[in-house]
Amino acid sequence: RIFLVGMSYGGWLALNLAMTAPERVRKLVLLSPAASLQPLVRQFGLRVMLMIFFPTRLTVNSLMGWMGVKDTPGDTGTRCILDLFYLGMKHFRIPPESARIMPGVFSDEQLQALPMPVLLLIGGREVIYDPAKAMDRARARRPGC
C-alpha cells in the first residue's frame, strides 16, 4: 500500500488509480487534479492543441502565462521550467495509446467510494476549471477531504 501524490494530469491519473485499485493506496494527495472534479474550460483545450501542433516557445509561453507561470526577467527558476516544458513539447511525442486516455470528470459515486483519506489542494486562481466549484463538489462528496 502506497502514499500516492499527483499534480494536474498526474492528479487525475492518481485518482484514477486509487479508484481502480483502492487496496493499493493508503493515502491520496491531489494537487489541482485536472478535470477530476470539474470539466476543463474550452480555452484550455484550444491552447493545448495549438501548442501540440505548433510546439514553439511562443505557444508554450502563451499557455503557461495564461495558467499563471510567467517569464519574469531575473527569475531563473521559472525560465528553467518554461525551457524544459518547451523542449519536452518540441522533442517528445505522446504515444498514441496515451493520447487516447483523456481526463474526464469522475462521478459522485466514484468519489464517494474512495476508502482512503484524501488531501486535496486547489489554487484559488486556477484557470483550467472553476476552483470554487471543484472544492465545493469535493467537500460535498468527500466529507473530511
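**Salt bridges, sheet and surface patch in a predicted model**

D83 forms a salt bridge with R57, with 2.8 Å between the closest N and O atoms; the term covers a side-chain nitrogen of Lys or Arg within 4 Å of a carboxyl oxygen of Asp or Glu. D83 lies in helix 4 (residues 76-91) and R57 in helix 3 (residues 57-66), so the pair ties together parts that are 26 residues apart in sequence. Helices (H or I, at least four residues) and strands (E, at least two) are DSSP runs, numbered from the N terminus. This is a predicted model, in which local features need pLDDT of at least 70 and side-chain atom pairs count only at pLDDT 80 or more, while totals for chains, interfaces and linings use all residues. Residues are numbered from 1 along each chain as its sequence is written, and side-chain values use heavy atoms, with hydrogens and water left out.

**Salt bridges**

- The structure holds five salt bridges.
- D83 is partly exposed at 22% relative accessible area, and R57 is partly exposed at 38% (buried is under 20%, exposed over 50%, partly exposed in between; 1.4 Å probe, protein chains only).
- R79 and D83 also meet in a salt bridge, at 2.5 Å from N to O; the two are four residues apart in helix 4, separated by about one helical turn.
- R141 and D108 meet in a salt bridge at 3.0 Å, N to O.
- R141 lies in helix 7 and D108 in helix 6 (residues 108-113), so this pair ties together parts that are 33 residues apart in sequence.
- Salt bridges that share partners join R57, D71, R79 and D83 into one network.

- Three strands form an open sheet in the order 1-2-3, with parallel pairing (two strands pair if DSSP finds at least two bridges between them).
- Strand 1 (2-7) and strand 3 (118-121) stand at the edges with a single partner strand each, so one side of each is left without a neighbour in the sheet.
- Strand 1 and strand 2 (residues 25-31) pair over six bridges, and M7 has L31 as its bridge partner in strand 2.

**A buried arginine**

- R137 is in helix 7 (residues 131-141) and counts as buried at 13% relative accessibility.
- Leaving aside neighbours within four places in sequence, the contacts of R137 include S36, Q38, F106 and D108 (contact means heavy atoms within 4.5 Å).
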